[in-house]
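Subject: Structure handover

Hello,

Here is the structure I promised you. My notes on what turned up follow below it.

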Amino acid sequence: MCSNLLLRDVALTIISLLEARDVCSLGCCSCFWRDLCFSNCVWAHLFRRRWPHADVAQLNSSTCAASGATPLIPPEGWKALYIESHKKIAQETSFVIHEIDQGAPLNSLEVTRYLSAIKQLSTLSLGFEDVCLFLFRPKLSVVVNLIGLHYSILYLHIPPKEVFEALTRCQVARRQVCLSWLKVGRWLHGFRLRDENYTRRISLEELTMSEEEPILAMLNRGAVHEVIRIQICSADSRMS
């Protein structure tokens with residue numbers, strides 16, 4: 001009996017280190033693994049790890065009210081809630097990406113639309129795993145990849161090194177964006193100097209480095225103070 005409990009504890013420890021898709025694969029190996037991998041405790045852990053700030057009571061308020069179940073334990077089970085939440089976030093993120101593509105037909109986006117897209121993502125309560133799954137895909141525009149990077153570092157406060165590793169894993173780290181901004185000329189001895197245009201080509205991996213923090217900070221501020229226009233585009237696109 002003790003040996004079986006020990007084996008179960010060890011197995012659960014192993015499962016806790018896996019991603020959801022790996023848990024599903026492991027659950028197909030045998031009856032023993034199926035019982036563990038599809039148990040509520042495993043999927044509760046996966047759910048909380050992916051969406052640590054999710055309000056489960058709010059997600060299930062209508063279902064709980066109908067069934068009389070406690071909101072702390074989803075009546076449909078944690079795995080079903082995980083799948084439902086995944087599908088919902090995938091759909092909502094797809095809508096945001098579509099809006100970005102609509103606003104950037106030539107892979108070029110003004111900073112106002114760029115920040116608006118990030119704000120939309122923040123209302124969806126995306127976790128870092130969601131960003132990796134839906135925004136770091138190589139088939140998407142590099143502008144979308146950049147929005148995912150920006151959201152991860154400045155909104156989710158993911159360490160830049162961890163973001164860099166995710167970009168590399170998703171094979172988008174070396175993709176480049178071209179930033180263009182207009183800086184208003186300063187006043188000197190009663191005279192206003194000429195406005196200055198700047199253009200910078202930079203890779204996503206470079207933006208995770210500490211020396212490039214001012215670039216992300218400028219994007220996060222948007223067109224304010226002395227910088228009155230910022231445009232972001234793929235390094236392969238021409239600036240308008």
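I start with the second largest pocket, which holds about 180 Å³ of space. A pocket here comes from a 1 Å grid over the protein atoms alone: it is an open set of points where a 1.4 Å probe fits, with protein on both sides within 12 Å along at least five of seven lines, while a cavity is a set that the probe cannot get out of. Lining residues have an atom within 4 Å of a point. Points are joined across faces, edges and corners, and the volume is the space filled by probe spheres set on them.

Before going on, note that this is a predicted model: local features need pLDDT of at least 70, side-chain atom pairs count only at pLDDT 80 or more, and totals for chains, interfaces and linings use all residues. Residues are numbered from 1 along each chain as its sequence is written, and side-chain values use heavy atoms, with hydrogens and water left out.

The lining of the second largest pocket includes Trp43, Arg50, Tyr82, His86 and Glu129. Helix H2 (20-26), H4, H7 and H9 each supply at least two of its residues. Helices (H or I, at least four residues) and strands (E, at least two) are DSSP runs, numbered from the N terminus. By class, this lining has six nonpolar, one polar and four charged residues. Ala, Val, Leu, Ile, Met, Phe, Trp, Tyr, Cys and Pro count as nonpolar, Asp, Glu, Lys and Arg as charged, and the others, Gly among them, as polar.

The largest pocket has a volume of about 1100 Å³. Its lining has 35 residues, and Arg50, Trp51, Gly127, Phe128 and Glu129 lie nearest the centre. Helix H7 (78-103) gives the most, with six residues. Among the other helices that supply at least two are H4 (40-50), H9 (128-134) and H10 (142-155). The lining divides into 17 nonpolar, six polar and twelve charged residues.

Helix packing

H7 and helix H8 (residues 111-123) pack at about 175 degrees, with axes 10 Å apart. Axes are lines fitted to C-alpha atoms, for helices over the stretch in contact, and angles run from 0 to 180 degrees between N-to-C directions. H7 is therefore roughly antiparallel to H8. Angles under 35 degrees count as roughly parallel, over 145 as roughly antiparallel, 65 to 115 as roughly perpendicular and the rest as oblique. The contact (heavy atoms within 4.5 Å) includes Phe95, Val96 and Ile100 of H7 and Ala117 and Leu121 of H8. It has five nonpolar, three polar and two charged residues.

H8 also packs with helix H12 (residues 213-221): their axes come within 9 Å and cross at roughly 90 degrees. That makes the pair roughly perpendicular. Val111, Tyr114 and Leu115 in H8 meet Leu219, Asn220 and Arg221 in H12.

Most residues other than glycine have a negative phi. His157 has a positive phi of about 60 degrees and sits in the loop between H10 and H11. Gln171 has a positive phi near 65 degrees, in the loop between H11 and strand S2 (176-183). Are these residues buried or exposed? His157 is exposed, at 61% relative accessible area. Gln171 is exposed too, at 68%. Buried means under 20%, exposed over 50%, and partly exposed in between (1.4 Å probe, protein chains only).

The whole chain

The protein chain has twelve helices and six strands. Of its 240 residues, 40% count as buried.

Best wishes
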